[in-house]
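Please open the structure in a viewer and keep the selection tool at hand.

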Amino acid sequence: MKHAPFIAVEGPIGAGKTTLASMLSTELHIPIIKEIVEENPFLDKFYQNIDEWSFQLEMFFLCNRYKQLEDTGLQYLEKAQPVISDYHIYKNLIFAERTLKGIKRDKYRQIYHLLTDDMPKPDIIIYIRADLDTLLGRIRKRARSFEQEMDPAYLEQLITDYDKGIQFLAEQSPSPRILTIDGNEIDFVENQAQFEQIVSDVKELIQ
Ligand SMILES: Nc1ncnc2c1ncn2[C@@H]1O[C@H](COP(=O)(O)OP(=O)(O)OP(=O)(O)O)[C@@H](O)[C@H]1O
Ligand SMILES: Nc1nc(=O)c2ncn([C@H]3C[C@H](O)[C@@H](CO)O3)c2[nH]1
């Protein structure tokens with residue numbers, strides 16, 4: 001790979017994106033960009049009433065990620081410095097296609113493309129797949145109050161949406177390199193050897 005890599009860790013809610021991105025950032029000495037969660041004023045309301053709050057929430061995520069991506073380009077990529085992020089900008093569309101309907105979805109799509117089409121995109125995606133039981137277990141363990149009432153059907157749909165979304169990204173040109181991790185079987189938190197294997201796989205993709 002000639003230029004500095006832009007790595008994104010992706011996967012459905014609770015898959016372990018922030019955990020793995022942080023571990024890789026430390027191990028590979030690559031700065032990390034993390035998504036904003038605690039200061040998000042709409043997440044709480046969204047989980048209580050998705051139809052009522054989805055547009056505000058999706059726009060909030062989109063604007064925040066747009067700003068972060070702009071900064072990432074200026075701070076790192078334009079200076080040929082590598083960076084790792086705990087999300088891919090495309091996740092906005094994965095969620096919004098599920099949570100928005102009708103005219104709001106149409107408007108959101110237009111704004112999404114207007115803002116992001118010419119932005120830098122990750123060239124390496126680490127995709128953590130995990131099934132519903134694994135994700136629900138992690139979400140419970142993490143115990144963010146606003147997520148505890150999450151409808152399992154919503155999460156199950158997102159698992160499928162993610163598979164399709166990552167497949168779509170794989171078909172883009174130039175296509176990103178994708179490392180898929182089985183989050184049910186691979187425990188990069190507790191199992192050092194499994195984490196080292198991921199590090200080695202990522203290093204190979206970066207070469
Ligand atoms: N491989 C793993 N084995 C065991 N626990 C894990 C593993 N990965 C993550 N966890 C735990 O699961 C929880 C969710 O992890 P994390 O916050 O990294 O997920 P995320 O994908 O970034 O979530 P979100 O989609 O909400 O941003 C955390 O409590 C974390 O410590
Ligand atoms: N609707 C919606 N759109 C997004 O773009 C999005 N990105 C993250 N999330 C939710 C998942 C976690 O609960 C929490 C932290 O990741 O926020 C999102 N929800």
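Which helices each supply at least two residues of the shell around ligand 2? Select helix 3 (50-75) and helix 4 (91-99), which both do so in this predicted model. Helix 4 gives the most, with four residues.

Next, display the side chains of the whole shell around ligand 2: Ile13, Val37, Leu43, Leu57, Glu58, Phe61, Lys91, Asn92, Phe95, Thr99 and Glu147. Colouring this shell by class shows six nonpolar, two polar and three charged residues.

Then select strand 1 (residues 6-10), where five of the five residues are buried. Phe6, Ala8 and Glu10 point one way from the strand, whereas Ile7 and Val9 point the other way.

Strand 3 (residues 83-85) runs parallel to strand 1, with three bridges between them; here Phe6 has Val83 as its bridge partner. Strand 4 (residues 124-129) also pairs with strand 1 in the parallel sense, over four bridges, and Tyr127 of strand 4 stands opposite Glu10.

Finally, colour the chain by confidence. The average pLDDT is 95, and 99% of the residues score at least 70. For the complex, the predictor gives an ipTM of 0.97 and a pTM of 0.96.

Note on methods:
Residues numbered from 1 in each chain as written. Chains lettered and ligands numbered in written order. Predicted model: local features only at pLDDT ≥ 70, side-chain atom pairs only at ≥ 80, totals over all residues. Near = placed C-beta within 6 Å. Nonpolar A, V, L, I, M, F, W, Y, C, P; charged D, E, K, R; others polar. pLDDT = per-residue confidence, 0-100. Buried ≥ 20, exposed ≤ 12 C-beta atoms within 10 Å, placed from the backbone. Pairing = 2+ DSSP bridges.
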